[in-house]
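Subject: The structure for you to look at

Hello,

As promised, here is the structure, handed over for you to explore. Please open it first, and then read my notes below alongside it.

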Amino acid sequence: MAPPRTSGGGRPVLALFLLAPSVGEFLLGNLTVPELGLGVLLAPLYGCGALLVREAARRTGGGWPVIALLAAAYALIEEGPVDQLLWNDSYAGQDLLHGPSYVPGLGTGVELVQAVLALHTVWSVCVPIALVEACVPARRTTPWLGRRGLVVTAVAYVLGAALVFWGNYAEEHFLASPAQLALCGAVVVGLVVLALRLARRGPRPPVAGSAPAPWRVGAAALAGTSLYWGPSVLLTADWFEWIGVALWCAVAGFGVRAVGRWSRQEGWGARHVCALAAGALLTYVWAAFPVRPESGGSLTADLVSNAVCGALALTVLARAVRTARLAESERPMTPAGPSRSARSGGRSYGG
């Protein structure tokens, strides 16, 4: 099989490189605008990580299920071997481990693992990819990097990960046990293998019915992510932790099931994927305000930073939605009958 052709990805590559850390740290409220220097240091880890996830999925013919699994692997790598958050009980001066869901045998908490997977799988990787792809409809499913670009991106990612690891170790002097690192590595390998198997398997068969309108999909994404994220930032008492764990499972389970069905119905397309990203992005816009930055600082600076980042996020979102809508309106009409996405088993979701 001939290697997939790349498609002039300079601008989308740069956009994704910048958007991943911007959403993952600044829009979340972890970092404020005055900390842009730290964001620059994190960009190779976040930005190159998102690029590698996307390239791996698009080059293997996989779509969003593959992207999501690889994004989950990225999440565990970042918060596991790279910055050790999953096991460090004094990370940034906080004990995030020893709540009611702490599992002594693993040295981490269920709620913390869930949070890591949600934060990075959805917001650090999938949302930025979906928004940038919506802005370049002609190149939405094609690889953006050539061989040289892949090598440069991979090297930059490794160097970025090494920089974050060294910075955290110099500050925290913490290293996870070999057993913890081995278990995390095994899970990462399992996720990557599963992603590659899904890519080889191809699209699933279509499902009867028509996909919901994009605005309904976006509203469902906003409601679902807010249902999970809202209580986690507004209710921090220990008694709520297991309820939060259950909420995470319910939202994730319903979301995977619903999107898996909708994406194989007639009419599903790029606007729906963009709507999913829009709903999740809007959750971060409002949820950033009750989140305090890791470095502390003045409340005024925090609120102003949240407002600025939120406004920029809405600008990017408006561009993505407008471009996706325009691209769909210009798409040639197909003969009557099941849509192309339905006939191909929902490949638009896979795409």
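**What I found**

Setting aside neighbours within four places in sequence, Pro212 is in contact (heavy atoms within 4.5 Å) with Val217, Trp262, Gln265 and His272. You will find Pro212 in the loop between H6 and helix H7 (214-234). Helices (H or I, at least four residues) and strands (E, at least two) are DSSP runs, numbered from the N terminus. With a relative accessibility of 18%, Pro212 counts as buried. For that term, buried means under 20% relative accessible area, exposed over 50% and partly exposed in between, with a 1.4 Å probe and protein chains only.

Before going on, please keep in mind that this is a predicted model, in which local features need pLDDT of at least 70, side-chain atom pairs count only at pLDDT 80 or more, and totals for chains, interfaces and linings use all residues. Residues are numbered from 1 along each chain as its sequence is written, and side-chain values use heavy atoms, with hydrogens and water left out.

**Two helix pairs**

Two packed helices are described by the angle between their axes and the distance between the axes. Here the axes are lines fitted to C-alpha atoms, for helices over the stretch in contact, and angles run from 0 to 180 degrees between N-to-C directions.

Let's begin with helix H2 (residues 36-59) and helix H5 (residues 147-172), which pack at about 140° with axes 8 Å apart. H2 and H5 are therefore oblique to each other; angles under 35 degrees count as roughly parallel, over 145 as roughly antiparallel, 65 to 115 as roughly perpendicular and the rest as oblique. The crossing of H2 past H5 is left-handed. A crossing gets that name if the near helix is turned anticlockwise from the far one by less than a right angle, and is right-handed if clockwise. On the H2 side, the residues in contact include Leu41, Leu45, Cys48 and Arg59, and on the H5 side they include Leu150, Tyr157, Gly160 and Val164. The residues of this contact of H2 with H5 divide into 14 nonpolar, three polar and two charged. In that count, Ala, Val, Leu, Ile, Met, Phe, Trp, Tyr, Cys and Pro are nonpolar, Asp, Glu, Lys and Arg are charged, and the others, Gly among them, are polar.

Now turn to helix H1 (residues 10-27) and H4, which pack at an angle of about 140° with axes 8 Å apart. H1 and H4 are therefore oblique to each other, and their crossing is right-handed. Among the residues that meet are Pro12, Leu16 and Val23 in H1, and Trp123, Pro128 and Val132 in H4. The contact of H1 with H4 is made up of 11 nonpolar residues, two polar and no charged.

**Aromatic rings**

How many aromatic pairs does a search of the whole structure find? The search finds seven. Rings of Phe, Tyr and Trp (its six-membered ring) pair if their centres lie within 6.5 Å; planes under 30 degrees apart count as stacked, over 60 as edge-to-face and the rest as tilted.

Trp123 and Tyr284 form a stacked pair, 4.6 Å centre to centre with 5° between the planes. Trp123 lies in helix H4 (residues 110-135) and Tyr284 in helix H9 (residues 270-287), so the pair ties together parts that are 161 residues apart in sequence. Trp123 is buried at 2% relative accessible area, and Tyr284 is buried at 0%. Trp123 and Tyr284 also belong to one aromatic cluster with Tyr228 and Trp229.

**Two positive phi values**

Gln84 has a phi near 65°, a positive value in a residue other than glycine. Gln84 sits in the loop between helix H3 (64-82) and strand S1 (102-103) and is buried, at 5% relative accessibility.

His173 is not a glycine either, yet has a positive phi of about 55°. His173 is in the loop between H5 and helix H6 (178-201) and counts as exposed, at 58% relative accessibility.

Enjoy exploring!

Best wishes
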